[in-house]
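Dear colleague,

Please find below the structure that I am handing over to you. My notes on it follow directly after.

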Amino acid sequence: MGRPSLGTQVTTRASAVLGCVLALGLATGCGGGASGGQAAPAAAAAPAADAGPPATLKQLATKTGCKKPQVQTDAEELRQGVCKTDKGQYTVTTFATDKGKNDWLEEAKKWGGNYLVGTRWVIAGNDPGVLQSFSEKVGGNIETAAP
């Protein structure tokens with residue numbers, strides 16, 4: 001069998017991204033949470049990201065208290081896992097490129113929600129307070145979108 005055509009590869013990647021956005025909506029409840037669509041203040045005191053490669057899904061999950069994320073998507077362009085801890089349920093997604101992260105975030109924000117955004121990764125959850133506590137451990141900025 002030969003290599004898939006470029007059109008097939010693009011369609012497969014687009015389907016993977018769309019599937020992840022839909023899974024995110026289900027995992028985070030598709031809502032803007034208690035913030036009522038208001039923008040959460042940026043984590044001003046968040047530590048700057050260290051130079052070097054971006055954090056992996058496993059590293060982010062561990063730093064946020066998630067011992068074993070349930071991996072939903074493991075593709076070349078992104079990895080996504082759902083974490084359930086005593087702080088609640090949230091989704092950790094890592095990306096191969098900044099463009100991939102930005103494209104994914106643009107689509108995800110159409111559904112509303114709260115996002116902790118870092119270097120080629122996003123943690124999505126219903127409670128901005130939980131995301132704020134995570135930002136103290138992993139860095140990033142909190143972004144909130146109304147559906």
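In this predicted model, an open sheet is built from 6 strands in the order β1-β2-β3-β5-β4-β6, with antiparallel pairing. Its edge strands, β1 (70–74) and β6 (141–145), each pair on one side only. On average, neighbouring strands are turned by 20° against each other, direction ignored. Strand β4 (residues 113–118) is joined to β6 by 5 bridges, and the two run antiparallel; Leu116 stands opposite Ile142 in β6.

Two helices pack on the sheet. Helix α3 (residues 98–109) touches β2 (78–85), β3, β4, β5 and β6, and its direction makes about 170° with that of β4. Helix α4 touches β3, β4, β5 and β6, and its direction makes about 5° with that of β4.

One residue deserves a separate note. Thr93 lies in strand β3 (residues 88–95) and is buried, with a relative accessible area of 0%. Its side chain makes a polar contact with the side chain of Gln80 (3.0 Å). Leaving aside neighbours within four places in sequence, Thr93 is in contact with Leu78, Arg79, Gln80, Trp104, Arg120, Trp121 and Val122.

With kind regards

Note on methods:
Residues are numbered from 1 along each chain as its sequence is written. This is a predicted model: local features need pLDDT of at least 70, side-chain atom pairs count only at pLDDT 80 or more; totals for chains, interfaces and linings use all residues. Side-chain values use heavy atoms; hydrogens and water are left out. Helices (H or I, at least four residues) and strands (E, at least two) are DSSP runs, numbered from the N terminus. Buried means under 20% relative accessible area, exposed over 50%, partly exposed in between (1.4 Å probe, protein chains only). A polar contact is a pair of N or O atoms within 3.5 Å; within protein, one must be able to donate a hydrogen and the other to accept it, and residues adjacent in sequence count only if both atoms are side-chain atoms. Contact means heavy atoms within 4.5 Å. Two strands pair if DSSP finds at least two bridges between them. Axes are lines fitted to C-alpha atoms, for helices over the stretch in contact, and angles run from 0 to 180 degrees between N-to-C directions.
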